[in-house]
Amino acid sequence: MPDKCGARGLTGRDQVKRKSDKPFRKLRGFLHFGGYMVHVPKRPCTAPGCREFSIPGSSKCEMHEVQRRQQVEARRAADPEKARYRRWYKLRIWYARRHDCLKAALFRCATPGCLERATDVDHIKPHRGNWDLFVDRNNLQALCKSCHSRKTVREDGGFGQ
Ligand SMILES: [Zn+2]
Ligand SMILES: [Zn+2]
């Protein structure tokens, strides 16, 4: 039945759309929690050289947030394999592993000589969709944001191991 197929196709696309809106919507709900508007202090946009204030729920101004989202979308489209395990990062087990790892490291970055506070949990050996590597406690280390993004760039660019 072509009609039904068409309808199903549409709902699928709608669901994807709704999903990507979710973080914003959640936050807006939080801001209006209990019917009261909670005051959120304005922070400057983190994009280099930008003088705008960031919008609620983001560290960027409206323009840079849109730009960031477009970059994310482009990266996702370029790597469909990643979509398969991206949702693992939303599982409760990952939150537990993450928390354990950061706590065990006392929130110190694992890079020798780095004094930044660890906020990220990194897979020492990239898991690349391997569940066992993903949840292995011994494969996790706490890193600060900048050390982690540097490592991620190295791994994604290198493609070797
Ligand atoms: Zn900006
Ligand atoms: Zn670091």
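Predicted model: local features only at pLDDT ≥ 70, side-chain atom pairs only at ≥ 80, totals over all residues.
Me: Hey, in which sense do S1 and strand S2 pair, and over how many bridges?
Reply: S1 and S2 (residues 140-143) pair in the antiparallel sense, over 4 bridges. Two strands count as paired if DSSP finds at least two bridges between them. One bridge partner in S2 is Leu143, which goes with Asp120.

Me: How many helices and strands does the protein chain have?
Reply: The protein chain has 6 helices and 2 strands, running α-α-α-α-β-α-β-α from the N terminus on. Helices (H or I, at least four residues) and strands (E, at least two) are DSSP runs, numbered from the N terminus.

Me: Back to S1, are Asp120 and Val121 buried or exposed?
Reply: Both are buried, and both faces of S1 are covered: Asp120 and Asp122 sit on one side, Val121 and His123 on the other. Buried means under 20% relative accessible area, exposed over 50%, and partly exposed in between (1.4 Å probe, protein chains only). Of the chain's 161 residues, 24% count as buried.

Me: Switching to metals. What holds the zinc ion (ligand 1)?
Reply: Its protein donors are Cys45 (SG), Cys50 (SG), Cys61 (SG) and His64 (ND1), lying 1.9 to 2.3 Å from the ion. Donors are N, O and S atoms within 2.8 Å of the metal (3.2 Å for Na, K and Ca); water is not among the atoms, so sites may look incomplete. In sequence, the donor residues are spaced C-x4-C-x10-C-x2-H. Cys45 and Cys50 are buried.

Me: What's the geometry at that site?
Reply: The site of the zinc ion (ligand 1) is tetrahedral, with angles of 97 to 115 degrees among its 4 donor atoms. Four donors get that label if all angles lie between 85 and 135 degrees.

Me: And which residues coordinate the zinc ion (ligand 2)?
Reply: Cys109 (SG), Cys114 (SG), Cys144 (SG) and Cys147 (SG) do, at 2.3 to 2.4 Å. The spacing there is C-x4-C-x29-C-x2-C. The site of ligand 2 is tetrahedral, with angles of 99 to 115 degrees. Cys144 and Cys147 are buried.

Me: Last one: what's up with phi at Leu106 and Phe107?
Reply: Phi is positive in both, near 55 degrees for Leu106 and about 60 degrees for Phe107. Most residues other than glycine have a negative phi. Leu106 is in the loop between helix H4 (92-104) and strand S1 (120-123), and Phe107 is found in the loop between H4 and S1 too. Leu106 counts as exposed because its relative accessibility is 55%, while Phe107 is partly exposed at 26%.

Definitions and conventions. Residues numbered from 1 in each chain as written. Chains lettered and ligands numbered in written order. Heavy atoms only, no water. Tetrahedral: all angles 85-135°; square planar, octahedral: opposite > 155°, others 65-115°.
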